[in-house]
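Trainee: I would like to learn how to read strands, sheets, ligand contacts and backbone angles from a set of coordinates. Could we work through one case together?

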Amino acid sequence: MKVLKFGGTSVGSVESIRNVKNILASREGKKVLVLSAMAGVTNKLVVITELIKAEDHSAIAHIIAELKDKHENTIDALINEPDPNAQAKNFVNNVLNNLKEICKSNYSERVYAEVVTTGETMLTYIFSTFLTNSGIQNNFLDAKEFMQVSNLENPDTNLVGKLFQKSIENLEASEIYITQGFVRIDAQHSISTLKRGGSDYSATILAAAVQAEEVQIWTDIDGFHNNDPRYVENTHAIAELSFEEASELAYFGAKILHPQTISPVIKKQIPLFLKNTFTPDLPGTRISAEIHSRGLKAISAKDGITAIKIKSNRMLMAHGFLKKIFEVFDKYETAIDMITTSEIAISLTIDDDRNLNEILEELNDYGEITVEKEHSIICIVGEGLIEDKSTSRLFELLNDISVRMISYGGSNNNISLLVDTKNKVQTLQGLNRKLFEERIMPQFV
Ligand code: ADP
Ligand code: ASP
Ligand code: MG
């Protein structure tokens with residue numbers, strides 16, 4: 001079994017949906033398809049959740065009418081037989097009528113999840129009906145039956161596997177299963193999400209659950225690039241990455257993969273391929289345990305970082321001090337990304353600032369606190385990077401870049417810099433010039 005995930009732009013128009021069908025038709029074997037919502041739809045649904053809070057029901061009705069048109073037009077363009085056409089429209093109308101009812105409730109996390117996941121529900125049904133109408137047999141699955149993920153960081157893939165088998169056992173045998181990305185059932189048995197961009201994570205959880213032979217993530221670019229193509233020109237696709245390299249890059253902001261995507265497939269050693277739906281014959285990127293090339297690979301950036309400095313004269317190297325500081329973050333379930341210490345101060349970064357006020361209040365007992373928001377972590381990644389002597393030349397870069405913190409040597413394959421987000425693009429471009437154009441650190445193979 002292979003798991004194939006198609007993202008928003010891959011199912012964003014009639015033409016791209018037809019491309020997806022051709023990709024499937026040219027590949028043999030059993031497949032589970034994990035699909036996102038049509039491009040732009042989830043953003044609109046998120047706007048609806050804001051309008052629920054504001055109780056702006058006429059604006060909600062307006063967006064729902066737009067979504068109805070968009071999906072009905074897609075159905076008309078793809079499904080010409082009258083019966084399946086009517087059946088798909090009926091399904092979409094039921095989903096949207098249900099959405100209207102939900103929008104009358106008070107805002108809650110459950111309401112948020114119910115609303116934002118409807119894009120996936122509509123698109124998967126349309127796609128399944130389109131395939132059937134084109135003579136390609138397939139089974140439509142409701143991911144809520146099996147995507148039980150209580151712990152977002154550490155999903156129980158065995159449980160998901162058992163539930164998946166149960167939901168397919170009474171279905172007609174078929175080569176293709178179609179299901180929704182993004183949605184999950186949480187520890188309270190309530191509908192929830194895997195966070196924005198979470199369909200990538202749905203695909204790897206499912207791949208680990210069914211012990212798939214491989215996962216393919218199909219998107220709108222020809223693989224994992226060496227730098228963020230949204231900010232830097234002349235980036236290129238990387239032929240292969242190790243699981244560790246890809247995890248660091250995804251965790252530290254490479255938008256092409258949801259931050260948690262890699263962990264389920266590392267455990268089961270399932271290779272992951274990144275492919276372009278619009279140029280399917282290009283090789284894309286292979287992410288696996290086999291590394292054939294070492295050295296510098298890529299740079300990514302994660303925004304929304306808050307730096308916290310705790311300065312204390314009585315303190316730092318006294319044993320037990322760091323423990324107390326970490327306990328505060330642990331109490332508020334807030335992960336720390338970077339950390340540096342000196343004799344009288346400790347600086348660390350977090351990306352989840354939901355409990356920042358409570359954390360700062362408690363840290364006040366330990367010293368003088370300074371907080372700097374709107375920073376970005378720039379992450380330079382490559383297997384064995386730290387072992388390469390030329391890495392020291394990286395410090396030449398610091399002449400041009402204003403860096404707030406550096407993390408070097410935490411792992412063999414990652415160097416992280418904390419910069420003010422205002423300087424992020426300039427830093428990414430500067431690093432690209434030095435590292436990939438002037439090649440001050442030659443990539444070693
Ligand atoms: P999908 O909707 O298919 O999930 P995304 O928009 O989430 O697609 O991810 C693909 C986009 O990620 C690319 O179009 C590109 O702009 C962006 N991106 C950011 N960093 C990278 C990178 N290092 N390599 C490739 N794409 C990247
Ligand atoms: N549709 C969801 C989002 O836009 C999930 C995804 O595309 O991965 O966040
Ligand atoms: Mg994505």
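Trainee: How many of the five residues of strand β4 are buried, and why is β4 described as enclosed by the rest of the structure?

Mentor: Keep in mind that this is a predicted model. Buried here means under 20% relative accessible area. Five of the five residues of β4, which spans residues 176-180, are buried, so the strand is largely enclosed by the rest of the structure.

Trainee: Which way do the residues of β4 point?

Mentor: The general idea is that side chains in a regular strand alternate between the two faces of the sheet. In this case Ile176, Ile178 and Gln180 point one way from β4, while Tyr177 and Thr179 point the other way, and all are buried.

Trainee: Which strand is joined to β4 by five bridges, and which by two?

Mentor: In general, the strands of a sheet pair through backbone hydrogen bonds, in either a parallel or an antiparallel sense. Strand β2 (residues 31-35) runs parallel to β4 and is joined to it by five bridges, with Leu33 having Ile178 as its bridge partner in β4. Strand β3 (residues 139-140) also runs parallel to β4, through two bridges, and Asn139 stands opposite Tyr177 of β4. Between β3 and β4 the chain passes through helix α7 (residues 157-168), and this β-α-β crossover is right-handed.

Trainee: What is the order of the strands in the open sheet of six strands?

Mentor: The order in that sheet is β12-β13-β11-β14-β16-β15, and the pairing is antiparallel. Its edge strands, each pairing on one side only, are β12 (336-341) and β15 (405-411). If direction is ignored, neighbouring strands of the sheet are turned against each other by 30 degrees on average.

Trainee: Turning to the ligand, which of the 15 residues around ligand 1 come nearest?

Mentor: Those that come nearest are Lys5, Thr219, Asp220, His225 and Lys255. For some of them the atom pairs can be read individually. An N or O atom in the side chain of Lys5 is 3.1 Å from an oxygen atom of ligand 1, and a polar side-chain atom of Asp220 lies 2.8 Å from an oxygen atom of the ligand. For His225 a backbone N or O atom is involved, at 2.8 Å from a nitrogen atom of ligand 1.

Trainee: Finally, what is the phi of Phe182, and is Phe182 buried or exposed?

Mentor: As a general rule, most residues other than glycine have a negative phi. Phe182 is not a glycine, yet its phi is positive, near 85 degrees. Phe182 sits in the loop between β4 and β5 (183-185), and because its relative accessibility is 3%, Phe182 counts as buried. Glu333, also not a glycine, has a positive phi of about 45 degrees and lies in the loop between α11 (321-331) and β12. With a relative accessible area of 72%, Glu333 is exposed.

How values were computed: Residues are numbered from 1 along each chain as its sequence is written. Chains are lettered from A and ligands numbered from 1 in the order in which they are written. This is a predicted model: local features need pLDDT of at least 70, side-chain atom pairs count only at pLDDT 80 or more; totals for chains, interfaces and linings use all residues. Side-chain values use heavy atoms; hydrogens and water are left out. Buried means under 20% relative accessible area, exposed over 50%, partly exposed in between (1.4 Å probe, protein chains only). Helices (H or I, at least four residues) and strands (E, at least two) are DSSP runs, numbered from the N terminus. Two strands pair if DSSP finds at least two bridges between them. A crossover is right-handed if, with the strands pointing away from the viewer, the path from the first strand over the helix to the second runs clockwise. Axes are lines fitted to C-alpha atoms, for helices over the stretch in contact, and angles run from 0 to 180 degrees between N-to-C directions. A residue is near a molecule or strand if one of its heavy atoms lies within 4 Å of it. A polar contact is a pair of N or O atoms within 3.5 Å; within protein, one must be able to donate a hydrogen and the other to accept it, and residues adjacent in sequence count only if both atoms are side-chain atoms.
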